[in-house]
Every structure is written in structure tokens, then in C-alpha cells.
Amino acid sequence: MNENLLKQCQEKLREELAHTRASFVLDLKANTNPVILALAELLENTAPSDWIDSINEKICPSQFPNYQRLVQLEAALCQIDIGQFGFCCDCEQEIEDSLLIKDPATQRCSQCCPVVVIKEI
Ligand SMILES: [Zn+2]
């Protein structure tokens, strides 16, 4: 992958991460469950990089799409840091540039992505 694309992806991921964090806290605050509300308060006093550890199993991720996205975004940024960004988590081939431009948090190449895979039985 070229440096430019990598930088572009990193910037997009950081930007989206900031938005997603803000939306996620709003989601929590809109909840009526006292446990969730307490968590919102806790997160506001916690460094965002420690959020995922603090949240650890306190919520059901499927109820909070913004949380699921946040985990994806942080994973992708972490992959950039360790030089593993842009590789498919199934076949370990490079993910197509066009897919990364569309969504830098993509974890699978077009061959492995469930949306485009057509199984021959
Ligand atoms: Zn793949």
C-alpha cells in the first residue's frame, strides 16, 4: 500500500472515531437503564483510549451500533500503528484500495467479504 493512501485512511479513521465516540456517549445518555447512564458518566471521566477496557462487557454491543463501529475503528488504527493495516483477516492478502477508500475500517478483501461472496455448492 502506498504512503498516501495509508495517511488518508488514518485521517479518515481518526475523524470518524471522534464522531463515533461523541455519538456513542449520546446513545448511552439517551438510555433509561441506570447501569448504562452510570457508564456514560464513567466514560466522560475516562480517557477515550481506555473506553473499550472500561466498557468491557457492561453493554450488549449489538444494542449499540456506534460502539461496534468504535471497536472497528480503533482496531484499524491499531493495525496502522503496528504495520498490519490493509490485510484481509481471513486470507491475509492485501485488501483492495477501492474498498479501503470506501471504508478504511474494512477487515476483509472482496473475495472474503460476506456481501460479495457467492458460495458454490
Ligand atoms: Zn480475503
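Val25 lies in helix α1, where helices are DSSP runs of H or I of at least four residues, strands are runs of E of at least two, and both are numbered from the N terminus. The model is a predicted one, in which local features need pLDDT of at least 70, side-chain atom pairs count only at pLDDT 80 or more, and totals for chains, interfaces and linings use all residues. Residues are numbered from 1 along each chain as its sequence is written. Val25 is partly exposed because 18 other C-beta atoms lie within 10 Å; a residue is buried if 20 or more other C-beta atoms, placed from the backbone, lie within 10 Å of its own, exposed if 12 or fewer, and partly exposed in between. Leaving aside neighbours within four places in sequence, Val25 is in contact with Ala40, Leu43 and Glu44, a contact being a pair of residues whose C-beta atoms, placed from the backbone, lie within 7 Å. Between Val25 and Ala47 there are 22 residues in sequence and 13 Å in space, C-alpha to C-alpha.

Two packed helices are described by the angle between their axes and the distance between the axes. For α1 and α2, the axes come within 8 Å and cross at roughly 145 degrees; axes are lines fitted to C-alpha atoms, for helices over the stretch in contact, and angles run from 0 to 180 degrees between N-to-C directions. The crossing of α1 past α2 is left-handed, a term used if the near helix is turned anticlockwise from the far one by less than a right angle, with right-handed used if clockwise. On the α1 side, Val25, Leu28 and Lys29 take part, and they meet Ile36, Leu37, Leu39, Ala40, Leu43 and Glu44 in α2.

Helix α1 itself covers residues 3–29 and has 27 residues. From its first C-alpha to its last, α1 reaches 39 Å, close to the 39 Å expected at 1.5 Å a residue, the expected span being 1.5 Å times one less than the number of residues. Buried positions in α1 are Cys9, Leu13, Thr20, Phe24 and Leu28. The cover over these buried residues includes α2 (34–44), α4 (65–81) and α5 (97–102). Phe24 touches Phe64, Asn66, Tyr67 and Leu70, not counting residues up to four places away in sequence.

Within α4, Tyr67, Leu70, Leu73 and Ala76 are buried, and what covers them includes α1. The largest nonpolar core has 15 residues, and those with the most contacts inside it are Leu13, Phe24, Leu70, Leu73 and Ala76; such a core is a set of buried Ala, Val, Leu, Ile, Met, Phe, Trp, Tyr and Cys residues joined through C-beta atoms within 7 Å. Two or more residues of this core come from each of α1, α3 and α4.

Glu57, in the loop between α3 (51–55) and α4, has a phi near 70 degrees, a positive value in a residue other than glycine. Glu57 counts as exposed because it has 6 C-beta neighbours inside 10 Å. After α4 comes Gly83, whose phi is also positive, near 75 degrees. In the loop between α4 and α5, Glu92 has a positive phi near 65 degrees, again in a residue other than glycine. With 10 other C-beta atoms within 10 Å, Glu92 is exposed. Ile82 lies in the loop between α4 and α5 and is exposed, with 7 other C-beta atoms within 10 Å. Ile82 and Ile59 are 23 residues apart in sequence and 28 Å apart in space, C-alpha to C-alpha.

Taken as a whole, the chain has five helices and zero strands, and its elements run α-α-α-α-α from the N terminus on. Its C-alpha atoms fill a box of roughly 45 × 40 × 20 Å, taken along the principal axes. Of the 121 residues in the chain, 16% are buried. Among contacts between residues at least 6 apart in sequence, 44% join residues at least 24 apart. The mean pLDDT of the chain is 92, and 93% of its residues reach 70 or more, pLDDT being the predictor's confidence in each residue, from 0 to 100. Among the elements, α3 has the lowest mean pLDDT (92) and α1 the highest (97).

Conventions: Contact = placed C-beta atoms within 7 Å.
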